Amino acid sequence: MPGMETPYHQAMGLALAAAREAVAHGDVPVGAVLLDSAGTVVAIDHNRRHQHNDPTSHAEILVLREGAAKAGSWRLDGHTLVVSLEPCAMCAGASVAARLGRIVYGPADPKAGAALSLYNIPQDPRLNHWIEVVTGVREAESRRLLEEFFAARR
């Protein structure tokens, strides 16, 4: 519910802070935080596609990679991905592949969102894993950050 603080409010603040760092190298301001099953921060990053010249360097992919490296396993059962914008198809698919327990995001992405809006990859019954999805966390802040970024580019 807008304006209400959720258990993910603080983690989303970290994701938003990371998202602001992406602007320094011309990337879309999206940040992500990976929490373990106890709610401890495992990884924080932001989009780095321009910086790495890599189309897969989305914030979500970067934190999943770091989380798997730290866990010593590709399986991230019970982990929560907190991201400042609804994940795209690549990131939603990677979340399913990693066996995440939950995805939390701010605003929906009606043009590329794949975690409820355009597609619903994390909860597609045809796939081998189902992920809980929580939406709207600090949505206005994230939306404002994205709008300011794109307005400055026009």
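Modeller: Let's start with a definition: the expected span of a helix is 1.5 Å times one less than its number of residues. Keep in mind that this is a predicted model.

Biologist: Happy to. What makes the reach of helix 3 close to what is expected?

Modeller: Helix 3 covers residues 59-71, which is 13 residues. By the rule of 1.5 Å times one less than the number of residues, 18 Å is expected, and the reach from the first C-alpha to the last is 18 Å.

Biologist: Which residues of helix 3 are buried, and what covers them?

Modeller: Among the buried ones are Ala 59, Ile 61, Leu 64 and Ala 68. The cover includes strand 1, strand 2 (41-46), helix 2 (49-52), strand 3 (80-83) and helix 4 (89-97).

Biologist: Lys 70 is in helix 3 too. Why is Lys 70 called exposed?

Modeller: Exposed means over 50% relative accessible area. Lys 70 has 55%, so Lys 70 counts as exposed.

Biologist: How do you know that Lys 70 and Glu 66 make a polar contact?

Modeller: The cut-off for a pair of N or O atoms is 3.5 Å. Their side chains come to 2.9 Å, which is within that cut-off, so the pair is a polar contact.

Biologist: Now to strand 2, where Asp 45 lies. Why is Asp 45 called buried?

Modeller: Buried means under 20%. The relative accessible area of Asp 45 is 13%, so the label is buried.

Biologist: Which residues does Asp 45 touch, leaving out those up to four places away in sequence?

Modeller: Asp 45 touches Ala 18, Gly 31, Ala 32, Ala 59, Leu 62 and Val 63. Besides these, a polar contact of 2.6 Å joins the side chains of Asp 45 and Arg 48.

Biologist: Where is Pro 29 found, and what makes Pro 29 buried?

Modeller: Pro 29 is in the loop between helix 1 (9-22) and strand 1 (31-35). The relative accessible area of Pro 29 is 1%, under the 20% limit, so Pro 29 is buried.

Biologist: What is Pro 29 in contact with, apart from its neighbours within four places in sequence?

Modeller: The partners are Ala 19, Ala 22, Val 23, Ser 84, Leu 145, Leu 146 and Phe 149. As for Arg 48, 19 residues along the chain from Pro 29, the C-alpha atoms of the two are separated by 9.6 Å.

Definitions and conventions
Residues numbered from 1 in each chain as written. Predicted model: local features only at pLDDT ≥ 70, side-chain atom pairs only at ≥ 80, totals over all residues. Heavy atoms only, no water. Helix = DSSP H or I, 4+ residues; strand = E, 2+ residues; numbered from the N terminus. Buried < 20%, exposed > 50% of the residue type's maximum accessible area, 1.4 Å probe, protein only. Contact = heavy atoms within 4.5 Å. Polar contact = N/O pair within 3.5 Å; in protein donor to acceptor, adjacent residues only side chain to side chain.
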